[in-house]
Amino acid sequence: TVLVVDFGAQYAQLIARRVREARVYSEIVPSTMPVDEMLARNPAAIILSGGPSSVYEEGAPRIDGALFEAGVPVFGMCYGFQLMATTLGGTVDNTGAREYGRTPLTVAKPSSTLFEGTPEEQPVWMSHGDACSAAPEGFTVTASTDVVPVAAFENDEKKLYGVQYHPEVMHSTHGQQVLEHFLYRGAGLSPSWTTGNVIEEQVAAIREQVGDRRAICGLSGGVDSAVAAALVQKAIGSQLTCVYVDHGLMRQGETEQVEKDFVAATGVQLKVVDAQERFLEALKGVSDPEQKRKIIGREFIRVFEQAQAEIVAEAPNDQPVEFLVQGTLYPDVVESGGGTGAANIKSHHNVGGLPEDLEFKLIEPLRKLFKDEVRMVGQELGLPEEIVQRQPFPGPGLGIRIVGEVTKERLDLLRQADAIAREELTAAGLDRDIWQCPVVLLADVRSVGVQGDGRTYGHPIVLRPVSSEDAMTADWSRLPYDVLAKISTRITNEVRDVNRVVLDVTSKPPGTIEWE
Ligand code: XMP
């Protein structure tokens, strides 16, 4: 395992992903973890991430110098690089020499461990105020910029390396190569970690954990719960029952996809609960987004509990249902362990995931994986492409894509518009370019239009195509005009009561991806 020490900001997750892209397994640990504890995990290498602090700030995170004496290869990036420099006796000055964004880097030693085979001049992504002016003793300076005399240093004997920039971001064009050089050449690791290993490992672990008992899994139709269920099904077969709650807030064809394609691919035991009436009843008269989310979450749990009781009642003499399968991913684990007290922007309700007070023991076979890795696991398990490559869809479904009260008529109308948008985006081959494209009905807004010879007074549909790496930030997608035109024409022609289609051109922040 390569440990990525997190000094804050969002860099650590990206670094961990890049290490895994190099087929080396990595995990994130907080910078507050004592060095003993890090070393007790027997890491093959350690990476110190960037962070928002200056090494001169009071209370800025530090690292125990013992880390550099343990014989474990270390790679410092940005803040991690400056910490290495100051801890090992180099000089970091608060010169006011700032560099932000794309910067040309000059490699001083093209044959070095980190830079071999990369161009002598290469663009890198910088973000720092302080600058290293002298490397610690025993280190060779291997790169510089116009502003920073020491932008990279290396000590092959001690296997310690550092760069001032962010090799993990794509703007550093040779960053991945430099990172791989550290892993393979500096730390002597080989690219051997695969998602195939994960499947074998998890199947064995789940069998051991569950024994003869039974498990249940809430399926949402999304990628994570589908892959988690398929993995557990592979391990324990008919001891698993999946529950799919059809709350009526699904998109066109989704329930059928779970009922047919998913079952066909996995052979899983599935219980489908039709709870459409119940959800509509509970949502009657409600237009406040937070209230909608809470109601949907609450009803979901009730239906799920009921389904669980039925499963037990149907086969009372069988083994107890003791386990709940959840599709928790690694970023969720890191974020909930981080305890940074991030503001609650929306009460996310992961339908398909459930609260722990249901008194189950949890099986979370994906808790070490990133999203793209979950997709690879799904593919290897033979799940259909339409499920594995699905774009994210919120648990509360179309319920939070109708601005205003949720009714059956409005849901049907939105389903129709959404299906058209998805069809055209797929036909244009844009599915992989966009992260997701919420289609929103502004049910409380009306505007005047003309169709045929008559005046109409209908509702607008909003298209919200976004590009993103992790949904934390997003930009609006610059879709080709002809695709937008086609979607607009079809929606206004085919969907009753819609006389306008508008495009949302807001990034996140300030807008969130969903409208509610
Ligand atoms: P926002 O709107 O917060 O969305 O920018 C970020 C990502 O999360 C999805 N989303 C949800 N997913 N339960 C979920 O499982 C939810 O309650 C929920 N709300 C938003 C959204 O589709 C986007 O991908």
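Is Gly221 buried or exposed? In this predicted model, Gly221 counts as buried because 23 C-beta neighbours lie inside 10 Å, and 20 or more are required for that class. Gly221 is found in the loop between strand S12 and helix H6 (223-236). Apart from neighbours within four places in sequence, its contacts are Met250, Glu254, Gln257 and Val258.

The UniProt record (unreviewed entry) places a feature named "binding site" at Ser220, Gly221, Gly222, Val223, Asp224, Ser225 and Ala226. Val223 is buried, since 24 other C-beta atoms lie within 10 Å. With neighbours within four places in sequence left aside, Val223 is in contact with Val374, Arg375, Gly378, Ile387, Val388 and Arg390.

Strand S12 takes part in an open sheet of 5 strands, ordered S14-S13-S12-S15-S16 and paired in parallel. The edge positions are held by S14 and by strand S16 (361-363), each of which pairs on one side only. On average, neighbouring strands of this sheet are turned by 30° against each other, direction ignored. The parallel pairing of S12 with S13 extends over 5 bridges. Leu219 stands opposite Tyr244 in S13.

Helix H9 packs on this sheet and touches S12, S13, S14 and S15. The direction of H9 makes about 140° with that of S13. H9 spans residues 289-314, 26 residues in number, and reaches 37 Å from its first C-alpha to its last, close to the 38 Å expected at 1.5 Å a residue. The buried residues of H9 are Lys292, Arg293, Ile295, Ile296, Phe300, Val303, Phe304, Ala307 and Gln308. The elements that cover these residues include the strands S12 (214-219), S13 (240-246), S14 (269-274) and S15 (321-325), together with helix H8 (276-283).

Gln202 is classed as buried because 23 other C-beta atoms lie within 10 Å. Leu231 and Pro365 are in contact with Gln202 when neighbours within four places in sequence are left aside. Gln202 and Ala235 are 33 residues apart in sequence, and their C-alpha atoms are 8.1 Å apart in space.

Definitions and conventions:
Residues numbered from 1 in each chain as written. Predicted model: local features only at pLDDT ≥ 70, side-chain atom pairs only at ≥ 80, totals over all residues. Helix = DSSP H or I, 4+ residues; strand = E, 2+ residues; numbered from the N terminus. Expected span 1.5 Å × (residues − 1). Buried ≥ 20, exposed ≤ 12 C-beta atoms within 10 Å, placed from the backbone. Contact = placed C-beta atoms within 7 Å. Pairing = 2+ DSSP bridges. Axes fitted to C-alpha atoms, helices over the stretch in contact; angles between N-to-C directions. UniProt positions renumbered as here; feature names shortened; annotations may be inferred.
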